[in-house]
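Student: I'd like to learn how to read helices and aromatic rings in a protein model. Could we go through one together?

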Amino acid sequence: MKAVWYERTGPAGDVLAYGEMPTPVAGPGEVRVRLQASGVNPADVGRRAGSYRAMEFPRVVPNSDGAGIVDQLGDGVTRLSVGQRVWLYNGQRNGRAFGTAAEYIALAERLVTPLPDSMSFAAGATLGIPCMTAWCSLFGDGPIADQTVLVTGGAGAVGHYAVQLAKSGGARVVATVSSAAKAEQARLAGADLVVNYRTEDVVAKVMAFTGQRGVDRVVDVDFGGNIATTLKAMATNSTIAVYATNGDRTPVVPMRDLMEKCIAVRALMLFALPPPLLAAAQSDISKWLAAGQRIHNVAAQFALSQTAQAHLAVEKGDKLGTVIVDCAR
């Protein structure tokens, strides 16, 4: 099969190779997917660049999300069938070296979910880690109906899904953004209030919106960078769900302030979450997709041989949506 890989970390143009690799075979409990699209996440780019950790395997096929067609079943697989359209997440995670920047991937059935016929494979490849992270950040502690949720980075890949899912869950949603274009995206997703944190007073806007009560839940793209502002906008007995902290990776946590408001901090990474919660996320996302039209932002598309350019597009930091690699071309 055609695939892209790296055998050392570094700049995309220097370390990513494109060529032939053996086609994987589905093992027990696995399905093989003939990939049509691969989603590039910031974490995929960071792993390839070496900013996350050293090489975990002698060779890595990057990218963790994707969509395609099941073409082989391993022993014991019962939930999926050959020919089924699917989306998947955590392809290059959980001790796995080979991700979705390839024509085929074989992985555990539990990481694979049916894709509605109405969705393109490119749209399906935007789900994966962003949509799963958004769902778990929102619903990891139960229903959010009638709560007020603050989504930081409301136009990002995770944030945009979090706004849509929170609205479907019956919450009022505040989204913070950094530009007029991103504000429009957050509004299209259904945010009730959009605040440009570069030009507006986030705390004043949030507190006015909530009648000075504060928000019940934060879906936070940057715990360390946001904590000073976030704390001032939170209600008593509220929760911060943290899925990234790139602004400050070793923040000083104002523990006394958290204690005085009884604020819980839920830190999460998909690979470490309980399997029943992840299964619930997949099931609920499937119902959500079937219930109506949803917004799936594809920022740009590249051929498989152009995976290095796809990684560079993510590194630029100005994308709106998910960068997609078309595995079939």
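This is a predicted model: local features need pLDDT of at least 70, side-chain atom pairs count only at pLDDT 80 or more; totals for chains, interfaces and linings use all residues.

Student: At what angle do the axes of α4 and α10 cross?

Tutor: Their axes cross at roughly 105° and come within 10 Å. Angles from 65 to 115 degrees count as roughly perpendicular, and that is why α4 and α10 get this description.

Student: Which residues meet where α4 and α10 come together?

Tutor: From α4 there are Cys131, Met132, Trp135 and Cys136. On the α10 side they meet Leu277, Leu278, Ala280, Ala281, Gln282, Asp284, Ile285 and Trp288.

Student: How far apart along the helix are tryptophan 135 and phenylalanine 139?

Tutor: Here is the general idea. An α-helix has 3.6 residues a turn, so residues three or four places apart point the same way. Now the case: tryptophan 135 and phenylalanine 139 are four residues apart in helix α4 (residues 128–139), which means about one helical turn separates them. Both tryptophan 135 and phenylalanine 139 are buried.

Student: And what kind of pair do tyrosine 161 and tryptophan 288 make?

Tutor: Their ring centres are 6.1 Å apart and their planes are at 80°, so that pair is edge-to-face. It links distant parts of the chain, with tyrosine 161 in helix α5 (residues 157–168) and tryptophan 288 in helix α10 (residues 275–290), 127 residues apart.

Student: Are tyrosine 161 and tryptophan 288 buried or exposed?

Tutor: Buried means under 20% relative accessible area. Tyrosine 161 has 4% relative accessibility, so it counts as buried. Tryptophan 288 has a relative accessible area of 6%, so it is buried too.

Student: Which charged residues sit over a ring?

Tutor: Arginine 85 has its charged end over the ring of phenylalanine 121, 4.4 Å from the centre of that ring. Arginine 172 lies over the face of phenylalanine 209, also at 4.4 Å from the ring centre.

Student: Can we read burial for a whole helix? How many residues of α2 are buried?

Tutor: Helix α2 (residues 42–49) is mostly covered, with six of its eight residues buried. They are Ala43, Asp44, Val45, Gly46, Arg47 and Arg48. These buried residues pack against α1 (12–15), β3 (30–40) and α11 (307–315).

Student: What about phenylalanine 57: where does it lie?

Tutor: Phenylalanine 57 is in the loop between α2 and β4 (65–73). Its relative accessibility is 22%, so phenylalanine 57 counts as partly exposed. Beyond its neighbours within four places in sequence, phenylalanine 57 is in contact with Gln92, Gly95, Arg96 and Ala97.

Student: Could we finish with a strand residue? What does threonine 322 touch?

Tutor: Threonine 322 lies in strand β15 (residues 322–326) and is buried, with a relative accessible area of 4%. Leaving out residues up to four places away in sequence, threonine 322 touches Gly39, Val40, Ala125, Thr126, Ala157, Asn297, Val298, Ala299 and Ala300.

Terms used. Residues are numbered from 1 along each chain as its sequence is written. Side-chain values use heavy atoms; hydrogens and water are left out. Helices (H or I, at least four residues) and strands (E, at least two) are DSSP runs, numbered from the N terminus. Buried means under 20% relative accessible area, exposed over 50%, partly exposed in between (1.4 Å probe, protein chains only). Rings of Phe, Tyr and Trp (its six-membered ring) pair if their centres lie within 6.5 Å; planes under 30 degrees apart count as stacked, over 60 as edge-to-face and the rest as tilted. A charge sits over a ring if NZ of Lys or CZ of Arg is within 6 Å of the ring centre and within 35 degrees of the ring normal. Axes are lines fitted to C-alpha atoms, for helices over the stretch in contact, and angles run from 0 to 180 degrees between N-to-C directions. Angles under 35 degrees count as roughly parallel, over 145 as roughly antiparallel, 65 to 115 as roughly perpendicular and the rest as oblique. Contact means heavy atoms within 4.5 Å.
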